[in-house]
Amino acid sequence: MTSLSVVRLPASVLTTPTRPVGSIDADVRQFCADLVETMYSSPACVGLAANQVGDGRRIFCADVSGHKKADSCHGLVVLIDARLVLARSPVTMREGCMSVPDLTGNVTRASEVVVRGITPEGRDRVIEANAFEARALLHELDHLDGKTFLDRVTNFGADVFARKRYR
């Protein structure tokens, strides 16, 4: 496995919707493994989309295991050609992003979701998630649609913050 480099705004790959993968082959499975390796090797990262590492395919991974704000937890989730099926019960919370490392922002997202996609093994997977896991899945789906959390902020003056740096 290989750890990949994360791209940052204003890279155009982050604002361009990803393309469907379609058939899953050895290259797609290897990319998924590399994406997971990159997520796990990045401190405090709970999700990563393909376009965050410069790849335009519709693939993401997420894992909120052990996160204090998680209620539902499906462990490692890797989905190809994922789509949102249901979203309800909006809640506003602070978010950050590896591709926007210097800022955080208050974002309103559904706290209950159903997401459907294909696993790297080619199986259909449906995930019903809530709380922090729902937020993480929606954050990654936004990336696949060419959006960052900044696109969801309603008031930049009141809801975007410089990220604190600790030495």
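Tutor: Start with the largest pocket. Its lining counts 30 residues, and those nearest its centre are Ala44, Glu95, Gly96, Cys97 and Arg163. The model is predicted, and this lining total uses all residues. The space in this pocket comes to about 880 Å³. By class, its lining splits into 13 nonpolar, seven polar and 10 charged residues. Four elements, β3, β4, α2 and β6 (160–162), each supply at least two lining residues.

Now the second largest pocket. Its volume is about 160 Å³. Its lining has 13 residues; Leu84, Arg109, Leu138, Asp142 and Arg152 lie nearest its centre. Two or more lining residues come from each of β3, β4 and α2. The top contributor is β3, with four residues. Six of the lining residues are nonpolar, one is polar and six are charged.

Next, the packing. The largest nonpolar core has 16 residues. Phe60, Leu79, Val113, Val115, Leu137 and Leu141 have the most contacts inside it. Two or more core residues come from each of β2 (59–62), β3 (77–97), β4 (100–118), β5 (124–130) and α2 (131–144). The largest share, five residues, is from α2.

Take Val113. Beyond its neighbours within four places in sequence, Val113 contacts Leu84, Leu86, Ala87, Ile127, Glu128, Ala129, Ala134, Leu137 and Leu138. Leu84 and Leu138, both partners of Val113, are also among the residues nearest the centre of the second largest pocket. Another core, of 15 residues, lies apart from the largest one; Cys32, Val36, Met39 and Ile59 are among its members.

Key:
Residues are numbered from 1 along each chain as its sequence is written. This is a predicted model: local features need pLDDT of at least 70, side-chain atom pairs count only at pLDDT 80 or more; totals for chains, interfaces and linings use all residues. Side-chain values use heavy atoms; hydrogens and water are left out. A nonpolar core is a set of buried Ala, Val, Leu, Ile, Met, Phe, Trp, Tyr and Cys residues joined through side-chain atoms within 4.5 Å. Buried means under 20% relative accessible area, exposed over 50%, partly exposed in between (1.4 Å probe, protein chains only). Contact means heavy atoms within 4.5 Å. On a 1 Å grid over the protein atoms alone, a cavity is a set of points where a 1.4 Å probe fits but cannot get out, and a pocket is an open set with protein on both sides within 12 Å along at least five of seven lines; lining residues have an atom within 4 Å of a point. Grid points are joined across faces, edges and corners, and a volume is the space filled by probe spheres set on the points. Ala, Val, Leu, Ile, Met, Phe, Trp, Tyr, Cys and Pro count as nonpolar, Asp, Glu, Lys and Arg as charged, and the others, Gly among them, as polar.
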